[in-house]
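Trainee: Could we go through this model together? I would like to start with the charged pairs and then turn to the core.

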Amino acid sequence: MLKKTQLCGIVIALIASSSVWAADQTITLKDGRQVVLHDNFTWQYKAQTNNSATSPTLKTTTATAIPVIATSAVAIPIISALKGVEIELGTTKAIQQLSDSGMDVLLTAAHYENGTLIIPTMMTNQSSKSVVNVTMKVRLSNNDGQTIATDEFTVWRSINRMPNTYFRPKTQHQGKPITFDVPKAERYFIDAEITDVDMR
């Protein structure tokens, strides 16, 4: 391998032999490699163009662009909301229990009468205050997950300024039923939430 001192000697010899250093010059070394001498007194190996097995070559890497993956114009599919809690007619099992602000609302077994789905409610006041109003928002879906009815229901309402009608702490009462006038089906799905609990 050619040492740097030998290269420096070649550079000095070329400078001395030339009266004017006009531009870059290329010289060939004994092993076949070519060196480019620059006019600013620096040098570098010249990239080899032949692919001979005997002559050393400068390894180069080719930068290949990352292929662009074509995207279709189809939007990301929307994930359907959950159907809700199943209501199966003919069973005695309670449907769902909801709680908010110390008020528990139990949706008991549903039944169908004269074109109306009826869901009775049973309520427990676990708080330390009297309750005068409980409101719920309820959405009813069919077996395919399509909304067939939605409404707000006041399942408990006391008479204002009549304390004997208030829902006292640590007591239970039957609330007003949730009703929907919908076609009869073997099963429905309900999505319910307590939206307001008014206390005194």
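**Salt bridges and core**

Mentor: Start with E86, which forms a salt bridge with R187; their closest N and O atoms are 2.6 Å apart. Keep in mind that this is a predicted model.

Trainee: How many residues apart in sequence are the parts that E86 and R187 tie together?

Mentor: E86 lies in strand 4, residues 85-88. R187 lies in strand 12. The pair therefore ties together parts whose separation in sequence is 101 residues.

Trainee: Is R187 buried, partly exposed or exposed?

Mentor: Buried means under 20% relative accessible area, and exposed means over 50%. R187 has 27%. R187 therefore counts as partly exposed.

Trainee: Which strands does the salt bridge of R139 and D191 tie together?

Mentor: The R139 and D191 side chains meet at 3.5 Å, N to O. The two parts are 52 residues apart in sequence. R139 lies in strand 9 and D191 in strand 12, so the pair ties together strand 9 and strand 12.

Trainee: What is the N to O distance in the salt bridge of R200 and D198?

Mentor: R200 is partly exposed at 48% relative accessible area. D198 is partly exposed too, at 28%. Their side chains meet in a salt bridge, N to O, at 3.2 Å.

Trainee: Now the core. How many residues does the largest nonpolar core have?

Mentor: L107, M136 and I178 are among those with the most contacts inside it. Strands giving two or more residues include strand 6 (103-107) and strand 9 (131-141). M136 touches L107 and I178, among others. The core's residue count is 29.

Definitions and conventions
Residues numbered from 1 in each chain as written. Predicted model: local features only at pLDDT ≥ 70, side-chain atom pairs only at ≥ 80, totals over all residues. Heavy atoms only, no water. Core = buried A, V, L, I, M, F, W, Y, C linked by side-chain atoms within 4.5 Å. Buried < 20%, exposed > 50% of the residue type's maximum accessible area, 1.4 Å probe, protein only. Helix = DSSP H or I, 4+ residues; strand = E, 2+ residues; numbered from the N terminus. Contact = heavy atoms within 4.5 Å. Salt bridge = Lys/Arg side-chain N within 4 Å of Asp/Glu carboxyl O. Lists of a residue's contacts leave out its neighbours within four places in sequence.
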